[in-house]
Amino acid sequence: MRSKRTKVTHPPEVRLPPDNRPLVAPIYQSVKFTFDNVEETRKYFAGQRDGFYYSRVSNPTLRQLERLLAELQGREACLLTGSGVASIAAPLLALLKSGDHVVYFAEMYPPTRAIIGRMLRRFGVSSTMLSIDDHDGLRRTLAQTPTRIVAFESPTNPVLKIADLARLTAVAREYGALTLLDNTLAGLHNHGQYDVDIFVHSLTKFASGHGDVMGGAVIARRELIDAMREDLGNLGPTLDPHAAYLILRGMKTYFVRWDAQSANARRVAEFLASHPAVERVRYPGLATDPGHRLAAQQMSDFGSIVTFDIRGGLAAGSRFAEALQLFEIAASLGSTESLVLAPAMQQPRGFTAQQLDWSDIRAGTVRLSIGIEDADDLIEDLQQALAAASG
Ligand SMILES: Cc1ncc(COP(=O)(O)O)c(C=O)c1O
């Protein structure tokens, strides 16, 4: 008879009968997985059998989320990371070596620019930053400098410029460069039809949807994911199974939320476009938006981020953000609640005048992330805050 001390470390096992399944897949919150004997363990290591061994490298809950996201994005394989920025760093670290060159854009998320322009430079990877609108500059750079990766976003954060995906991927392919698209703002269901090699996503945003979990995904053809997986297993930025479970749960309502948020965003964009305190609205769903034609071709919908310039610049932008009652002043985007980023919170640092011009972030640029609240309530809140900001 085993002692109580032993029993608490080896509690009774509960196995389900083969014809009796949980409706919601369990969370495999286990770091370790065992095989029956050494020979089976050896076969696993030799790639001669399927299975799991250590959750830093693979885990059944993560595998389920990986399969779902790969299918949504129309690619073979997926690798999960503990945050969106880790999903950007992961392919860059795994696929680049000293002497390589990367092209990236001034319109990108600041940490992405820091990884490519500052961090990778320390490891002998050079880079060129362009504007996403500069098609001639991209061709010229690729023709002059052999380039391993072209990294870009569409829509860009925060100004929502739309990259010409067919054109950009074709020129990168012509010059033998891989393309890496941070597709976070477009959602997990858009852009799969384009010749993009690597998609990355912050799952912290629309996938989880409730602002209570962080995660990232790299989605690509199997050969590229396999090339990254070993290095990443050694570096260890993996997602926790409980976080994967929360994201899987969030994914069940992904389209319901996405559609509701997009419909609200359109209402908000139309309202702002007609308001005298607003200098300019950027929302690709508006027919007047410079990116509308491309976005309508490339995407099935236009998302839930609306960016605008308030008259009166930084000061008016702060007054506006502080006067809002429903919208919270907070980082991130894509959750059920509406958020605002005041102009002072998103001015690029260390940009030249030309790069600032490319970024198109102006003194009064405000970013709104639209949630699933009632659209009339959101518009009423925006209306009173605009009045307070200009009063
Ligand atoms: C476009 C884009 N990519 C990546 C990230 C980073 O995601 P995370 O905060 O999950 O690291 C963000 C976060 O705001 C983002 O907006």
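Helix α4 (residues 84-95) contributes the most to the shell around the ligand, with 3 residues; helices (H or I, at least four residues) and strands (E, at least two) are DSSP runs numbered from the N terminus. The model is predicted, so local features were required to have pLDDT of at least 70 and side-chain atom pairs pLDDT 80 or more, whereas totals for chains, interfaces and linings use all residues. Residues are numbered from 1 along each chain as its sequence is written, and side-chain values use heavy atoms, with hydrogens and water left out.

Around the ligand there are 15 residues, of which G84, D182, S202, T204 and K205 come nearest; a residue is counted as near if one of its heavy atoms lies within 4 Å of the molecule. By class, this shell holds 6 nonpolar, 7 polar and 2 charged residues. In this scheme Ala, Val, Leu, Ile, Met, Phe, Trp, Tyr, Cys and Pro are nonpolar, Asp, Glu, Lys and Arg are charged, and the others, Gly among them, are polar.

A backbone N or O atom of G84 is 2.8 Å from an oxygen atom of the ligand, and for V85 the corresponding backbone distance to a ligand oxygen atom is 2.9 Å. K205 places a polar side-chain atom 2.9 Å from an oxygen atom of the ligand. Taken alone, the ligand exposes 390 Å², of which the protein buries 93%; accessible areas come from the Shrake-Rupley method with a 1.4 Å probe, and for residues only the protein chains shown count as cover.

The protein chain comprises 14 helices and 12 strands. Along the principal axes, the C-alpha atoms fill a box of roughly 80 × 55 × 35 Å.

Two cis peptide bonds were assigned, one joining S154 and P155 with omega about -15°, and one from N157 to P158 with omega near 10°. P155 lies in the loop between β4 (149-153) and α7 (165-174), and P158 is also in the loop between β4 and α7. H191, although not a glycine, has a positive phi of about 80°; H191 is located in the loop between β5 (178-182) and β6 (198-202).

Conventions. Polar contact = N/O pair within 3.5 Å; in protein donor to acceptor, adjacent residues only side chain to side chain.
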